Amino acid sequence: ALAEVRRSVSALRGPRLDPPLPEALQALAEETSAAGVPTRLAVSGTARPLPDDTREALFRAAQEGLTNARKHAGARHIDLALDYADAAVCLEVRDDGEAATAASSTGFGLVGLRERAEHLGGRLVAGAAADRGWVLRIEVPA
């Protein structure tokens with residue numbers, strides 16, 4: 001059991017990101033599109049270097065949001081947005097799938113993302129979109 005826990009924690013931490021965050025997110029969007037769910041990335045604001053922990057939290061949030069939309073929500077389209085604001089960086093994953101299905105996920109992904117965000121002084125919000133689908137939004141100071 002201990003070996004399994006260590007393997008799980010190692011997988012969650014994963015390797016540090018080598019490419020700049022927008023490039024890493026573009027690769028995730030392309031992978032998700034290739035898996036059958038068209039995904040578009042929009043980057044706004046002036047890109048700037050971010051601390052490793054911040055980049056990692058934003059990247060992992062994108063991974064979790066894209067995976068949940070593809071596997072659990074039955075999304076037909078996903079929008080991924082990265083916004084470099086003056087005092088914060090925000091990442092949002094918005095899909096057009098079934099919000100009730102996405103909300104009933106029993107995994108620990110959202111819990112871990114919320115903890116990452118809070119550790120960085122930020123916040124994570126995830127839930128049903130006003131119109132349709134699911135929205136995951138993480139905002140961290142930068």
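**Exercise 1.** Find the hairpin formed by β4 and β5, and work out how many residues lie between the two strands.

*Solution.* Start with the ground rules: this is a predicted model, where local features need pLDDT of at least 70, side-chain atom pairs count only at pLDDT 80 or more, and totals for chains, interfaces and linings use all residues. Residues are numbered from 1 along each chain as its sequence is written, and side-chain values use heavy atoms, with hydrogens and water left out.

Next, pick out the strands (DSSP E runs of at least two residues; helices are H or I runs of at least four, and both are numbered from the N terminus). β4 covers residues 123–128 and runs antiparallel to β5, with 6 bridges joining them. Strands pair if DSSP finds at least two bridges between them. Gly127 sits opposite Val135 in β5. Now for the turn: 5 residues separate the strands, and Gly133 there has a positive phi of about 95°.

**Exercise 2.** Decide whether Glu139 is buried, partly exposed or exposed, and list its contacts beyond four places in sequence.

*Solution.* Then check its relative accessible area: at 26%, Glu139 is partly exposed, as buried means under 20%, exposed over 50% and partly exposed in between (1.4 Å probe, protein chains only). Finally, look for contacts (heavy atoms within 4.5 Å): leaving aside neighbours within four places, Glu139 touches Ala88, Val89, Cys90, Gly122 and Arg123.

**Exercise 3.** Which residues does Leu91 touch, not counting those up to four places away in sequence?

*Solution.* Go through the partners of Leu91: Leu25, Leu58, Ala61, Ala62, Leu80, Ala81, Leu82, Leu136, Arg137 and Ile138.
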